[in-house]
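User: I am new to this structure. Please show me how to read its features, one at a time.
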Amino acid sequence: METILSIHNLNKRYGGLQALKNVSLEIVKGNVYGLLGPNGSGKSTTLGIILNVVNKTSGEYSWFGGKLQTHEALKKVGAIIERPNFYPYMTAEQNLKLVCKIKNIDYSKITEKLELVGLNDRKDNKFSTYSLGMKQRLAIASALLNDPEILILDEPTNGLDPQGIHQIRDIIKQIASQGTTILLASHLLDEVEKVCTHVLVLRKGQVLYSGPVDGVSANEGFFEIQADDTENLIRVLQNHPAIDKVRVADTKVLVYLKSKLESAELNQFLFANNICLSHLVKRKNSLEEQFLELTKNQ
């Protein structure tokens, strides 16, 4: 697979503050990558460095296998790292025509991109009449005018209502389905879990996890079970070698695993110990639970 961007041991210092510490990431064509972390974790700094608007302290990054200098490579990149900045008294179409003129792009792209973001029927309305969600969608259309190899978005759903968030997510999925690589920075776990294929988890400038989204939650999961005698149930569970810990939540017992254990095996084990379950569900830890586990000691 073609490598779009390689980042190796990126460091950034602001005086005594280490904003990034040895951050590495490989972005391969056709995937959707999430930079995930709380505010101040280094997401925007990372994006600023690769877009050549923030100077790195040390480390390396290269676009398209190092075949192009950064300023040339960035012509193949679409990015939105700040709030949309269009002329309020101009229509959507007029604003995009101006972008096309500046970037030497054919006007024929405008209708295609407005259709993609669902704004073609509002192209003759002034930017000042747009809602926040519509403004963000227009910004995405603008970033796509040059048919970029990769689209970079910094907190694309920030401040939007639930409908606006849903629309942006659908657009991101649609763009990805057409083969455009996407790098998305977000502090919203739900956003990354729903639209990304890969994730880099950052905390205080350090990488806590890098890999497939499924991988961060690829754990043995836990059981949610219930029986008449909770005290005896817990005592028996603590003797099973695959069980890591047990805790009570309301009327149910949550059983966390340290090695693989199937539902049938657990049921059989408990039945052999004279316990009949009235409730048995196996669950997988969500990305949120895994994220909290990753960051709790940081």
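Analyst: Start with residue classes. Ala, Val, Leu, Ile, Met, Phe, Trp, Tyr, Cys and Pro count as nonpolar, Asp, Glu, Lys and Arg as charged, and the others, Gly among them, as polar. Keep in mind that this is a predicted model.

User: How do the residues of the lining of the largest pocket divide into these classes?
Analyst: The lining holds 12 nonpolar residues, four polar and four charged.

User: How is such a pocket found, and how much space lies in the largest pocket?
Analyst: The general idea is simple. Rolling a probe the size of a water molecule over the atoms shows where empty space is left. Here the largest pocket has about 650 Å³ of space. Its lining is made up of 20 residues, and the closest to the centre are A79, I80, K103, S142 and A143.

User: Which elements give two or more residues to the lining of the largest pocket?
Analyst: They are β5 (77-80), α3 (92-103) and α5 (132-143). Of the elements, β5 gives the most, with four residues.

User: Now salt bridges. What is the idea?
Analyst: Side chains of opposite charge can pair when their charged atoms come close. In this model, the count comes to 10 salt bridges.

User: Which residue meets E155 in a salt bridge?
Analyst: K43 does, with 3.8 Å from N to O. This pair links distant parts of the chain. E155 sits in the loop between β6 (150-154) and α6 (162-177), K43 is in helix α1 (residues 43-50), and the two are 112 residues apart.

User: Is E155 buried or exposed?
Analyst: Read the relative accessible area. Under 20% means buried. E155 has 13%, so E155 is buried. K43 has 5%, so K43 is buried as well.

User: What does the salt bridge of E72 look like?
Analyst: E72 pairs with K75, and the closest N and O atoms are 3.0 Å apart. Now apply the other cut-off: over 50% is exposed, and partly exposed lies in between. E72 is partly exposed because its relative accessibility is 34%. K75 is at 53%, so K75 counts as exposed.

User: Which residue forms a salt bridge with R169?
Analyst: D190 does, with the closest N and O atoms 3.2 Å apart. This pair also links distant parts of the chain: R169 lies in helix α6, D190 in helix α7 (residues 189-195), 21 residues apart. R169 counts as buried because its relative accessibility is 12%. D190 is at 36%, so D190 is partly exposed.

User: Which residues are linked in a network of salt bridges?
Analyst: K109, E112, K113 and D147 are linked in this way.

User: How many disulfides does the structure hold?
Analyst: First the idea. A disulfide is a covalent bond between the sulfur atoms of two cysteines. This structure holds zero disulfides. C100 is buried because its relative accessible area is 1%. C276 has 55%, so C276 is exposed.

User: One more contact, please. Where is T181 found?
Analyst: T181 is in strand β7 (residues 181-186). T181 counts as buried because its relative accessibility is 0%. A polar atom of the T181 side chain lies 2.8 Å from the backbone nitrogen of G30.

Terms used:
Residues are numbered from 1 along each chain as its sequence is written. This is a predicted model: local features need pLDDT of at least 70, side-chain atom pairs count only at pLDDT 80 or more; totals for chains, interfaces and linings use all residues. Side-chain values use heavy atoms; hydrogens and water are left out. A disulfide is a pair of cysteine sulfur atoms within 2.5 Å. Buried means under 20% relative accessible area, exposed over 50%, partly exposed in between (1.4 Å probe, protein chains only). On a 1 Å grid over the protein atoms alone, a cavity is a set of points where a 1.4 Å probe fits but cannot get out, and a pocket is an open set with protein on both sides within 12 Å along at least five of seven lines; lining residues have an atom within 4 Å of a point. Grid points are joined across faces, edges and corners, and a volume is the space filled by probe spheres set on the points. A salt bridge is a side-chain nitrogen of Lys or Arg within 4 Å of a carboxyl oxygen of Asp or Glu. A polar contact is a pair of N or O atoms within 3.5 Å; within protein, one must be able to donate a hydrogen and the other to accept it, and residues adjacent in sequence count only if both atoms are side-chain atoms.
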